[in-house]
Amino acid sequence: MKKFKILLFLTALVTVFTQNSFARRAPTQPNSYDGAAPSARSMAMGEAGTGALMFNDAYYYNSAMYGYLQGTKAEVSGVIMRQSDAAPSSVAAVEPSGQGLTSFILVQNSAALIWQALSDCSISETYPGGITGNTEIYISALTLAAGQKNEKGYSVGINMTYLYGKIGESSLVGSEPYSNIGSGNGFALDLSFAVPAGNNVFFGIDVKNLAGFMFWNDYNTEQLPMIIRTGTGYHLKGFLFVTDWEKRMYRFGDLQKDYVRFGVEQYINGAVCIRLGLVSDDDFDTKTFKYTYGFGIRIKNYELSAAAQQYKINDENFTKYLLSFSALVQ
């Protein structure tokens, strides 16, 4: 009986190593798990918000900010249009979150439940030797976020995220076709802090994917890239100025990793506001600038926000438009 158990163990061990020897890295992009600005308000303000109060989408920037919120709010957002002369695959590689519904957020006091589309894209490539391939990537996230404020006004936030997705591959090597569909599930944990730093000023730190893994069938397990954000927000009645610094620690690829973000919101009256923003690398190279702008219209407990973002992909102009609708339920 003992020999049988040893044989069974060795068989299982060999099977595991055999399976791993055939496994390979999932054909995802370096930024497949990043997502994009989940609301028109934050996108119009340069996607900055680590030190901003009263953002429904605080989970994306700094969940500790939920510690200062009260009431029940709901918000839905979607990319309504993308325009560019760049190749569709080039656009998909830089903007993998795609077009259509991008997020749904339900906030209850200091906690929030969020669904977000991280990747919804198709990328085609041609390799030496006449090999053509196409990869479709669909990854979504379901997040529970919460913030807790203490008696000194400091707040700590946490995100617990469930990831799920599918990858479809197809290629033609000579005359031999190949195709595969793989599915995956994973999790991620984020930790954040918010501190009052003076009159009407808040400072925030967010560590995204402090722990994060995606387990694919047919592919190796992926560890999500850690992202660190710090930022400040200056708040006055009807006016908000935010600035962020962000570092993305991609595990492969050559995408931009360092970002500096600025955003401004100014209410013209109690119902209408305008928003402007700028995104740059840490060298402030004008070639990398992303320009953002938008507006918001608030009527009683409802708000409609629109935003646009402009920059270049492979020296071609790219513009996307995001629309958000939010409501204060109670």
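Predicted model: local features only at pLDDT ≥ 70, side-chain atom pairs only at ≥ 80, totals over all residues.

Residues are numbered from 1 along each chain as its sequence is written, and side-chain values use heavy atoms, with hydrogens and water left out.

**Pockets and cavities**

Rolling a probe the size of a water molecule over the atoms shows where empty space is left. The search runs on a 1 Å grid over the protein atoms alone: a cavity is a set of points where a 1.4 Å probe fits but cannot get out, and a pocket is an open set with protein on both sides within 12 Å along at least five of seven lines. Lining residues have an atom within 4 Å of a point. Grid points are joined across faces, edges and corners, and a volume is the space filled by probe spheres set on the points.

| Space | Volume | Lining |
|---|---|---|
| Largest pocket | about 630 Å³ | 29 residues |
| Second largest pocket | about 540 Å³ | 27 residues |
| Largest cavity | about 130 Å³ | 14 residues |
| Second largest cavity | about 70 Å³ | 13 residues |

Val94, Gln256, Tyr259, Lys290 and Tyr311 lie nearest the centre of the largest pocket. Helices (H or I, at least four residues) and strands (E, at least two) are DSSP runs, numbered from the N terminus. Helix H4 (88-94), strand S11 (258-267) and strand S14 (302-313) each supply at least two residues of the lining of the largest pocket. S14 gives the most, with four residues. By class, this lining has ten nonpolar, eight polar and eleven charged residues. Here Ala, Val, Leu, Ile, Met, Phe, Trp, Tyr, Cys and Pro count as nonpolar, Asp, Glu, Lys and Arg as charged, and the others, Gly among them, as polar.

The second largest pocket has a volume of about 540 Å³. Closest to its centre are Arg41, Met54, Lys73, Arg298 and Glu303. Elements that give two or more residues to its lining include S11 and S14. The largest share, five residues, comes from S15. Eleven residues of this lining are nonpolar, eight polar and eight charged.

Three cavities of 30 Å³ or more turn up in the whole structure. Leu118, Ala141, Thr143, Thr161 and Lys208 are the closest to its centre. S3 gives the most to its lining, with three residues. That lining divides into eight nonpolar, four polar and two charged residues.

The second largest cavity has a volume of about 70 Å³. Ala36, Ala37, Val79, Ser97 and Thr102 are the closest to its centre. S2, S3 and S15 each supply at least two residues of its lining.

**Val79**

Val79 sits in strand S1. Is Val79 buried or exposed? Val79 is buried, because its relative accessible area is 7%; buried means under 20%, exposed over 50%, and partly exposed in between (1.4 Å probe, protein chains only). Not counting residues up to four places away in sequence, Val79 touches Gly98, Gln99, Gly100, Thr102, Tyr321 and Leu322. Contact means heavy atoms within 4.5 Å.

**Nonpolar cores**

A nonpolar core is a set of buried Ala, Val, Leu, Ile, Met, Phe, Trp, Tyr and Cys residues joined through side-chain atoms within 4.5 Å. The largest has 24 residues, and those with the most contacts inside it are Tyr59, Met65, Tyr66, Tyr68, Ile105, Val107 and Ile114. Helix H2 (40-44), helix H3 (58-61), strand S2 (100-108) and strand S3 (111-127) each give two or more residues to this core. H3 has the largest share, four residues. Leaving aside neighbours within four places in sequence, Met65 is in contact with residues including Leu53, Ala58 and Phe202. A second, separate core of 16 residues includes Ala26, Ile123, Ile139 and Tyr219.

**Strand pairs**

Two strands pair if DSSP finds at least two bridges between them. S2 and S3 pair in the antiparallel sense over six bridges. Ser103 has Gln116 in S3 as its bridge partner. The two strands form a hairpin with two residues between them, and Asn109 in the turn has a positive phi of about 55 degrees. S3 also runs antiparallel to strand S4 (residues 131-149), joined by 16 bridges. Asp120 stands opposite Tyr138 in S4.
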